[in-house]
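Dear colleague,

Here is the structure I said I would pass on. My notes on the charged pairs and one surface feature follow below.

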Amino acid sequence: MFNQGKKCIKYRYTEVTRQGLRLIIMSNPLYVLVKVGIAPIPTKTFESKQDDLHETLRREYPSVGAVSVLHQQTINVSPTGTEVRSESVPILSRSNISDGWAIRIMPDAIFLQTNKYTSYLDLRSRLERVLGLVHEVIDITHYQFAGIRYVNKYPLGINKDFDGKIRRVDFLQPELCNLPKAGSNLLSIYFEGENQLRVNSGVTVNNPPLNADLAEFAQELGMDMSPIQGACAHVDLDAHCQLKAPAPFNMKEITETIDSLRLLAKNAYLEVINQTE
């Protein structure tokens with residue numbers, strides 16, 4: 001069930017597999033990240049509410065993250081020259097490392113991440129809880145982005161076929177003149193209405209478990225970022241929706257948007273990855 005009158009296609013969440021009543025055992029991803037982009041909160045307001053946010057969240061996320069400020073540079077190029085602007089963005093991050101969950105709150109976004117994913121229903125419940133708690137402390141007026149990202153990793157294995165996990169091997173590395181393969185990194189982009197799916201896939205050798213853009217987030221979970229020895233196939237599914245204009249904050253609309261994005265990513269996963277029955 002969907003409504004295209006909204007900026008993003010939204011579905012009422014129902015767990016359905018394309019294989020009907022057959023039991024599908026899906027391997028859990030290595031890492032999952034959810035982002036909800038919100039209308040920017042003034043820095044002074046955000047900083048004045050940090051103690052209240054820590055108090056509200058500390059029971060479920062007892063550890064404070066190491067990063068409290070993000071230093072950003074913006075480069076503007078114009079006919080008159082180049083202007084470089086630097087700014088410091090406050091960050092509030094907390095984690096529950098034993099459970100494998102962490103949150104990061106910034107003036108323009110809320111993140112939820114895990115390296116111990118068990119089910120989407122669990123993730124959805126945690127997301128609603130975090131959004132609700134933050135909204136109680138800081139009045140979130142609008143949202144403008146929603147996204148969910150699943151990172152899957154598969155070692156080469158004894159038979160050198162990634163244990164048969166990859167169904168669509170065309171997402172790894174194409175053949176070329178019978179040359180030996182030494183690695184790949186492919187990016188494929190797809191659209192479903194206003195939702196976008198970016199599939200980063202390929203084969204890496206002696207690389208860290210996560211891409212560099214996720215390494216800073218993952219440190220809040222205590223993940224080991226040392227290189228994985230040998231070849232690994234990766235399938236990184238990034239489903240997101242950028243609203244054309246900010247919409248009033250609405251928990252039901254946000255979770256329905258995440259539902260639709262998760263379904264888009266799941267269907268891609270079922271197409272690319274072999275399942276165990």
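**Salt bridges and a surface patch**

R126 has a relative accessibility of 24%, and therefore counts as partly exposed. Please keep in mind that this is a predicted model.

The partner of R126 is D122, and their side chains form a salt bridge with an N to O distance of 3.2 Å. Both residues sit in helix 3 (residues 120-137), four residues apart, or about one turn of the helix. D122 is also partly exposed, at 23% relative accessibility.

Helix 3 takes part in a second pair. R124 makes a salt bridge with D259, with 2.8 Å between the closest N and O atoms. This pair links distant parts of the chain, since R124 is in helix 3 and D259 is in helix 5 (residues 251-272), 135 residues apart. D259 is buried, at 2% relative accessibility.

A further salt bridge joins the side chains of R104 and E216 (3.2 Å, N to O). R104 belongs to strand 6 (residues 101-106) and E216 to helix 4 (residues 212-218), so this bridge ties together parts that are 112 residues apart in sequence. R104 is buried, with a relative accessible area of 3%, whereas E216 is partly exposed at 31%.

Elsewhere, E55, R58 and R59 are connected in a salt-bridge network. The count for the model comes to 15 salt bridges.

On the surface, I75, V77 and V84 make up a nonpolar patch, together giving about 310 Å² of accessible area. V84 is located in strand 4 (residues 81-90) and is partly exposed, with a relative accessible area of 47%.

Regards

Notes. Residues numbered from 1 in each chain as written. Predicted model: local features only at pLDDT ≥ 70, side-chain atom pairs only at ≥ 80, totals over all residues. Heavy atoms only, no water. Patch = residues over 30% accessible without salt bridge, like charges linked within 9 Å, V, L, I, M, F, W, Y side chains within 5 Å. Areas by Shrake-Rupley, 256 points an atom, 1.4 Å probe, with all protein chains shown as cover. Salt bridge = Lys/Arg side-chain N within 4 Å of Asp/Glu carboxyl O. Helix = DSSP H or I, 4+ residues; strand = E, 2+ residues; numbered from the N terminus. Buried < 20%, exposed > 50% of the residue type's maximum accessible area, 1.4 Å probe, protein only.
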